Amino acid sequence: MPNLEHVYVLKNGVEIWNQWREANSDVEVDLRGADLTSINLAEINLAGAKLADVNFSEANLKGAKLKGAKLINTELVKAELVGADLRYADLSLTDLSEADLQEAKLHFSLFSETIVEQTHFYQAPFGRTSISDTDLSVAHKLDTCYHFDVSSIDNLSLRRSYPIPKKFLQGLGFSEWEIEQARLYEQGLSNNQINEIVYRVYDLRATQAVQIGPIFISYCHKDGEFVDRLCDLLSSKGIRFWRDAHRFKAGRIEKQLDRAMRLHELVIVVLSKFSVKSDWVEHEIKKARKLEKEAGRDIIVPIALDDEWKRSSWPERLREQLMEYNITDFSEWHDEDALWTQFANLLNGIGLFYK
């Protein structure tokens with residue numbers, strides 16, 4: 001049974017609700033069991049709210065603040081959740097069938113027995129996301145998701161979900177041999193096919209070079225086309241990486257970002273006329289420099305799409321520090337031959353693998 005006062009305020013509109021929440025920030029919002037079908041709640045602040053058993057079917061929740069919300073057993077069928085903040089949200093037993101989660105922030109969120117049939121995950125960022133007893137095979141656009149850190153998925157979900165897009169498994173943190181091993185969940189395999197997979201797992205695990213640590217990619221989203229191509233090249237070599245997918249100014253999630261950077265062996269920084277205007281990229285370079293001093297080794301791997309960073313408004317000392325690195329020139333990346341040549345130079349220069 002929901003708190004009727006909360007329901008009354010909510011149905012007066014998002015603007016009034018958000019003002020009420022700001023004025024009553026200490027109040028625990030309880031909308032459990034409310035019927036909010038087809039309601040327009042775009043940009044609403046429901047962070048930390050108790051939303052178990054709420055019916056949000058076909059509701060407009062674009063850009064909604066749902067960080068830490070308890071969405072247990074909630075109906076979100078055909079709901080619009082584009083750009084919604086679902087970090088730390090509990091989505092256990094929730095029905096997200098045909099919901100649109102394009103670019104919805106799913107860092108640290110929990111999917112457990114969650115229904116994602118025809119759910120759209122286009123470019124949704126994951127990181128430290130937990131997935132259990134959830135069938136992902138019926139979800140859409142998982143191969144487009146961003147991953148700023150590793151996530152977890154249980155064997156039951158793997159078994160139910162096969163085949164899961166390889167790019168998604170790589171983003172979760174799976175190595176090449178683990179991805180190959182997951183093929184054993186495929187139904188109807190012949191004995192010969194099973195043997196081939198087992199031998200392939202052995203070859204990948206026992207005889208191939210092992211990556212020392214994952215790479216963190218820092219960039220401005222306006223350079224996304226290049227970064228997509230770079231990620232394709234890294235994936236083709238079985239290289240683990242996580243890309244920075246934020247599209248807003250530095251602020252609340254700095255601690256999460258700093259933690260993610262600490263977990264990665266190297267930080268590739270994409271320098272361009274766009275990234276030099278990014279608060280995030282500047283913050284990440286400064287953070288990586290600090291980590292270098294702590295670790296006593298190089299961490300930053302700068303690559304340049306143009307020379308604008310040399311004339312940027314960044315502190316002069318920061319520009320001078322960047323000039324100390326061997327910066328790989330990717331300005332001609334649209335030319336495939338030039339792209340592969342510079343990519344080979346990049347790999348040779350950073351020593352990613354144990355031999």
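The model is predicted, so local features need pLDDT of at least 70 and side-chain atom pairs count only at pLDDT 80 or more, while totals for chains, interfaces and linings use all residues. Residues are numbered from 1 along each chain as its sequence is written, and side-chain values use heavy atoms, with hydrogens and water left out. Helices (H or I, at least four residues) and strands (E, at least two) are DSSP runs, numbered from the N terminus.

**The five-strand sheet**

- Five strands make an open sheet with parallel pairing, in the order β8-β7-β9-β10-β11; two strands count as paired if DSSP finds at least two bridges between them.
- Its edges are β8 (241-243) and β11 (328-329), and each has a single partner strand, so one side of each is left without a neighbour in the sheet.
- Strand β7 (residues 215-218) runs parallel to β8 and is joined to it by three bridges, with Phe 216 standing opposite Trp 242 in β8.
- β7 is also joined to β9 by four bridges, again running parallel, and here Ser 218 has Val 269 of β9 as its bridge partner.
- Between β9 and β10 there are five bridges in the parallel sense, and Val 267 stands opposite Ile 300 in β10.
- β9 is mostly covered, since six of its six residues are buried; buried means under 20% relative accessible area, exposed over 50%, and partly exposed in between (1.4 Å probe, protein chains only).
- From β9, Leu 266, Ile 268 and Val 270 point one way, while Val 267, Val 269 and Leu 271 point the other way, and all are buried.

**The three-strand sheet**

- Another open sheet has three strands in the order β1-β3-β5, with parallel pairing.
- β1 (110-112) and β5 (152-153) are its edge strands, each pairing on one side only.
- Two bridges link strand β3 (residues 130-132) to β5 in the parallel sense, and Ile 153 in β5 is the bridge partner of Ile 131.

**Helix α6**

- Which residues of α6 are buried? They are Ile 197, Val 201 and Leu 204.
- Seen down the axis of α6, these buried residues fall within an arc of 70°, so they line one face of the helix; the arc is that of the directions from the helix axis to the C-beta atoms.
- An α-helix has 3.6 residues a turn, so residues three or four places apart point the same way.
- The face turned away from the buried side of α6 carries the exposed residues Asn 191, Asn 192, Glu 196, Tyr 199 and Tyr 202.
- α5 (176-182) is included in what covers the buried residues of α6, where contact means heavy atoms within 4.5 Å.

**Helix α7**

- Helix α7 (residues 224-236) has 13 residues and reaches 18 Å from its first C-alpha to its last, close to the 18 Å expected at 1.5 Å a residue.
- The buried residues of α7 are Gly 224, Phe 226, Val 227, Leu 230, Cys 231, Leu 233, Leu 234 and Ser 235.
- These buried residues pack against α4, β7, β8, β9 (266-271), β10 (300-304) and α11 (336-350).
- Gly 238 follows α7 and has a positive phi, near 70°.

**Backbone details to check**

- Most residues other than glycine have a negative phi, and most peptide bonds are trans.
- The peptide bond from Tyr 162 to Pro 163 is cis, with omega near 0°, and Pro 163 is found in the loop between α3 (155-161) and α4 (166-172).
- Gln 118 is not a glycine, yet has a positive phi of about 60°; Gln 118 sits in the loop between β1 and β2 (125-126) and is partly exposed, with a relative accessible area of 36%.
- Lys 141 also has a positive phi, near 65°; Lys 141 lies in the loop between β3 and β4 (146-147) and is partly exposed, with a relative accessible area of 43%.

**The cavity**

- A search of the whole structure finds one cavity of 30 Å³ or more; on a 1 Å grid over the protein atoms alone, a cavity is a set of points where a 1.4 Å probe fits but cannot get out.
- The largest cavity holds about 40 Å³ of space, the volume being the space filled by probe spheres set on the points, with grid points joined across faces, edges and corners.
- Its lining is Phe 111, Val 116, Phe 121, Phe 126, Ile 131, Leu 136, Leu 142 and Phe 168, where lining residues have an atom within 4 Å of a point.

Technical notes:
On a 1 Å grid over the protein atoms alone, a cavity is a set of points where a 1.4 Å probe fits but cannot get out, and a pocket is an open set with protein on both sides within 12 Å along at least five of seven lines; lining residues have an atom within 4 Å of a point. The expected span of a helix is 1.5 Å times one less than its number of residues.
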